[in-house]
Amino acid sequence: MRAYTDRFILTPGPTEIPYRVRLALMKETTNPDLDPEFLEIYNNSRLMLRELLGVRKGSLYIMAGEAMLGLDAALANTIANGTKTLIVGNGVFGEGFADLVKLYGGEPVLVENCEDCWRRSADPAVIERELERHKDVEIVTLVHCDTPSGILNDLEEISKVVKSFGALLIVDAVSSIGGVPINFDSLGIDILIGGSQKALNLPAGLTILAISNDAWDRINRVSYRGFYLNLKLWREMLEEAGVFPYTMSDVLVYALHESLKLIMEEGPDNVYKRHLLARKAVWKAIEVMGLKPYPSSINYSSPTVTAFEVPRGINEAELRKMMWEKYGVMIGGSWGRLQGKVLRIGHMGVQASRIHLLIAITTLARALADLGYRLNVEEAIGALEEEFRD
Ligand SMILES: Cc1ncc(COP(=O)(O)O)c(C=O)c1O
């Protein structure tokens with residue numbers, strides 16, 4: 001086992017956890033159902049999230065349970081038998097929405113899931129054409145940053161198209177919240193899902209859910225009857241009675257509060273700029289190393305994660321094992337159809353920094369060289385540093 005002093009988690013979530021967030025995780029615990037101070041911290045965190053995500057009109061909840069809970073809740077409460085749903089499938093999570101829709105009795109129409117589509121942002125013109133063809137689509141699902149391939153979809157252009165057809169837009173922003181600007185109200189998003197273990201740099205365990213008034217109309221009509229995922233219960237119990245449907249994880253909420261304070265202190269615009277710089281620097285370094293980014297252009301690539309192809313002749317599991325065991329650095333492999341073919345460096349939240357990326361690139365280059373891949377380690381490190389120089 002690696003000593004805690006000698007390891008860096010540079011995967012695209014879970015991530016390294018900043019010192020102040022770790023301190024918050026160690027705060028004295030309480031009974032979150034009864035302690036008024038806890039409710040205040042919870043509500044303050046919601047206010048900061050509303051500001052960060054531009055949620056003024058709708059509702060916003062922080063639920064205990066990792067991000068899949070949010071995805072599941074969004075669909076459980078909006079999909080009825082036969083609900084036709086357009087699935088923008090240019091990635092593992094994008095495509096995965098189709099399975100959830102089926103589970104709740106909906107009828108998915110999968111678009112933008114061809115081999116090449118996965119290497120680029122979804123094309124709003126294709127979505128428009130498909131909505132034209134399927135006039136009975138009631139809901140569109142979209143992933144903002146599809147983490148396994150590092151692709152970022154264009155929320156602004158896609159939401160314009162979806163809104164022009166009057167469909168509800170559900171967006172998985174699990175790995176973009178806190179790293180990429182999102183304006184929920186002005187984009188007309190109906191349900192936005194966030195997670196704690198990505199750019200917010202917490203352990204897994206919280207889901208953030210923003211819900212528009214149009215989404216509420218649908219949720220009331222669908223009237224989901226389960227308990228744990230029931231959004232109407234959150235509204236009734238939290239908004240009307242100031243109590244939670246089930247016991248919250250107080251330490252995770254303290255940590256979220258601290259993480260949001262860090263973002264607000266730095267200023268969200270500065271945070272977003274730092275993520276863009278990280279993306280540019282990592283792209284430059286991996287290209288100098290002779291590696292191939294998975295997205296076909298940097299413009300399609302998320303500011304929070306860089307995916308690149310496993311170089312020919314290298315076994316990715318062996319490379320990651322070497323990076324971890326010899327150098328103490330963990331980077332990500334990938335999932336689904338990308339498993340074994342793609343590697344990923346997370347630059348989410350605190351990872352989007354010169355020092356973290358220097359460690360990622362240095363150890364990646366060293367491990368590749370150890371495995372016989374010919375590359376210029378110094379040049380790769382120099383390219384990265386150059387981007388961070390003022
Ligand atoms: C885009 C996206 N959505 C959803 C999830 C699911 O989150 P969790 O790891 O909490 O299951 C992830 C996790 O990697 C993700 O990247």
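Into which domains is the protein chain divided? The chain consists of domain 1, residues 4-16 + 267-388, and domain 2, residues 19-264; these bounds come from an automatic or database domain assignment. Please note that this is a predicted model, in which local features need pLDDT of at least 70, side-chain atom pairs count only at pLDDT 80 or more, and totals for chains, interfaces and linings use all residues. Residues are numbered from 1 along each chain as its sequence is written.

I turn to the contact between the domains. Their C-alpha centres are 27 Å apart. Domain 1 contributes 29 residues to the contact and domain 2 contributes 26, where contact requires C-beta atoms, placed from the backbone, to lie within 7 Å. On the side of domain 1 that touches domain 2, α11 (268-288), β11 (305-309) and β13 (342-346) each supply at least two residues. Helices (H or I, at least four residues) and strands (E, at least two) are DSSP runs, numbered from the N terminus. The most comes from α11, with four residues.

Next, the backbone. Most residues other than glycine have a negative phi, and most peptide bonds are trans. The bond from Gly-13 to Pro-14 is cis, with omega near -10 degrees, and Pro-14 sits in the loop between β1 (8-9) and α1 (19-25).

Glu-112, in the loop between β4 (107-111) and α5 (124-133), has a positive phi of about 60 degrees. Is Glu-112 buried or exposed? It counts as buried because it has 24 C-beta neighbours inside 10 Å; the cut-offs, with C-beta atoms placed from the backbone, are 20 or more others within 10 Å for buried, 12 or fewer for exposed, and partly exposed in between.

Notes. Two residues are in contact if their C-beta atoms, placed from the backbone, lie within 7 Å.
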